[in-house]
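Hi everyone, thanks for coming. Let me put the structure up, and then I'll walk you through a few parts of it.

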Amino acid sequence: MIHCDGLKCVQCQRGHAGLGDRRVEDERSLIKTPSNVQANNQEHDSPTSTRQKRSVQHGSPCFVYTLAFFSALGGFLFGYDTGVVSGAMLLLKREMNLSSLWQELLVSITVGAAAVSSLAGGYLNGLYGRRICILLASFIFSAGGIILSVAPNKEVLLCGRLTIGLGLGIASMTVPVYIAEVSPSELRGQLVTINTLFITGGQFIASVVDGVFSYLPHDGWRYMLGLSVVPAALQFLGFLFLPESPRWLLQKGDTQNARLVLTRIRGGVNVDEEYESIRSSIEEEKIDAGEGPVLWRILTFAPARRALIVGCGLQMFQQLSGINTVMYYSATILQMSGVQDDQMAIWLAAATAFTNFLFTLLGVWLVDRVGRRKLTLGSLLGTAASLMVLATGFLLSAQASPPVTFHPNDPSLHNSTCITYGFCESCMLNPDCGFCYGKNGTVVIETSCMPVDAANTEAAVAGRCSNGTQESLGVFWAYNYCPTSYSWIVLLGLILYLAFFAPGMGPMPWTVNSEIYPLWARSTGNACSAGVNWLCNVLVSLTFLHVAQSLTYYGVFFLYSGLALLGFVFVLGCVPETKGLRLEEIEPLFGRQLQMWCLLWIHEIRK
Ligand SMILES: O[C@H]1[C@H](O)[C@@H](O)[C@H](O)[C@@H](O)[C@H]1O
């Protein structure tokens with residue numbers, strides 16, 4: 001039986017010690033190789049026995065899981081608020097008569113605000129601590145949710161989306177840091193990765209909520225956007241009772257509280273060794289850290305600078321390998337593969353989000369078993385290969401793209417560029433046009449490229465498709481895709497992509513970033529790398545359609561594939577393994593030139 005008395009969880013402790021031992025046995029990590037790290041570890045004990053002892057001492061306090069759960073609600077809100085907007089927009093654009101500029105504004109202002117506030121979050125974290133920042137973020141989320149759900153017009157909506165973005169930036173950089181700082185080293189990877197599991201969980205729940213409330217055409221969006229208040233309020237309430245990170249407390253000189261909190265979150269076991277190790281590394285850091293603003297000190301202190309390059313690089317490659325365009329365009333991709341009903345496409349997009357969630361769960365299971373480095377490398381290779389499958393599907397579809405055979409004689413269309421296109425491929429790449437066609441069995445006939453109705457992309461402005469698809473009349477309207485028989489390859493690429501991306505490249509940039517900086521640089525380092533993530537997110541989503549117009553869909557996905565391969569080379573050369581190490585033991589890994597991890601890896605396989 002599991003017995004928890006608020007401080008201790010007896011059964012968990014015993015069970016976990018055994019597991020920890022087994023995992024340590026399995027460990028063959030690169031971190032043992034560099035002499036400086038070895039020397040560092042040898043001062044106390046051999047790395048393996050230190051880790052063995054540590055896992056026995058730490059046990060697995062239930063309290064740490066509670067902390068991780070309440071913190072990861074921040075991840076849930078991250079996923080929910082970025083995911084819910086696409087479904088809400090379908091209703092909002094009709095309800096508030098939104099132009100495409102307003103639609104783009106409402107989507108991207110949140111991500112833009114998150115980029116700015118994640119940078120500010122670094123400063124606030126250092127000054128007021130992780131707990132206050134999480135409380136602040138959940139308060140902002142709640143306020144944003146309320147503003148959105150009662151918004152009488154688009155201007156207020158914009159304010160609400162901006163407010164949500166401010167909360168997102170702070171939460172996205174604080175939560176992984178907080179979880180990493182309270183977790184015992186052998187569980188850290190898993191617990192921080194749970195935050196990304198909550199992100200993808202939030203995206204999935206958002207798509208389900210979108211599906212459910214899409215049946216309420218007038219007020220559905222209010223529920224979609226407003227429901228985020230529930231997890232935000234829950235997190236706020238929870239954090240009123242949860243403690244500050246002991247590492248931050250120690251850094252601020254609050255030694256008494258730091259020891260108390262550490263004892264509490266370690267389930268009451270003796271924390272002397274861990275406490276001493278944090279304390280002495282803070283003392284050492286004071287010597288390393290130098291003078292001036294933190295960012296300047298990071299840039300001028302080689303190990304911290306290298307960690308920053310690794311952290312920002314990982315976040316950049318996460319976004320450059322196209323996750324958010326794949327997620328955003330999943331409905332289109334699914335429509336290409338033959339799903340023509342809009343409602344059905346919404347539900348299948350929910351299935352895509354669920355796949356992303358499911359494979360992130362695999363990442364949670366793998367991270368402390370195979371380690372961050374191998375997981376990320378394998379994920380990047382698989383991601384690059386599946387992007388090629390996706391691109392090949394689009395390429396074959398483009399080559400088999402049906403020609404335009406029917407030119408309507410409507411004088412009002414004579415100024416439209418849509419009627420100048422000769423093939424479906426070029427027609428669908430122009431966001432102002434759609435493809436109207438008939439069917440004879442499975443053969444596409446009587447095809448035309450028509451201007452789309454600006455208020456409702458499900459229909460053409462004029463002609464046979466002005467009422468959208470009407471299967472009974474044998475008339476079909478394709479917006480953003482072409483009818484093709486190669487779409488199963490695209491679908492296969494999509495599934496493979498999620499299966500490879502979600503366990504590794506999805507969570508690892510957040511996990512690794514939460515561990516690699518010395519304490520004095522942790523808030524600022526995470527703020528910068530989260531800022532890079534959000535900036536690249538805006539960049540990729542805003543440029544996707546334009547790049548697709550000049551490079552075509554397959555060109556774009558080949559490009560992302562190339563970028564994922566570049567990411568592979570970067571991780572190979574620059575990212576060390578941090579599995580099983582205490583946060584204080586990670587800094588020395590950056591004491592050498594970055595490309596050494598590649599050399600060590602080659603050395604390992606030669607052996
Ligand atoms: O780690 C997350 C996750 O992979 C999400 O699915 C994605 O939308 C985010 O941009 C990313 O940061």
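So, let's start with helix 8: 23 of its 29 residues are buried, so the rest of the structure largely encloses it. Buried here means under 20% relative accessible area, exposed means over 50%, and partly exposed is in between, with a 1.4 Å probe and protein chains only. Helices are DSSP runs of H or I with at least four residues, strands are runs of E with at least two, and both are numbered from the N terminus.

Quick housekeeping: this is a predicted model, where local features need pLDDT of at least 70, side-chain atom pairs count only at pLDDT 80 or more, and totals for chains, interfaces and linings use all residues. Residues are numbered from 1 along each chain as its sequence is written, and side-chain values use heavy atoms, leaving out hydrogens and water.

Now the hairpins. Strand 1, residues 433–440, pairs with strand 2, residues 443–453, in the antiparallel sense over seven bridges; pairing means DSSP finds at least two bridges between two strands. Asn440 has Val443 in strand 2 as its bridge partner. Two residues sit between these strands, and Gly441 in this hairpin takes a positive phi near 70°.

Strand 2 also pairs with strand 3, residues 456–460, antiparallel over two bridges. There, Val452 stands opposite Ala460, and this hairpin has two residues between its strands.

Last stop: Val294, in helix 15, residues 294–300. Is Val294 buried or partly exposed? Partly exposed, at 23% relative accessible area. Beyond its neighbours within four places in sequence, Val294 contacts Trp520, Ala521 and Thr524, contact being heavy atoms within 4.5 Å.
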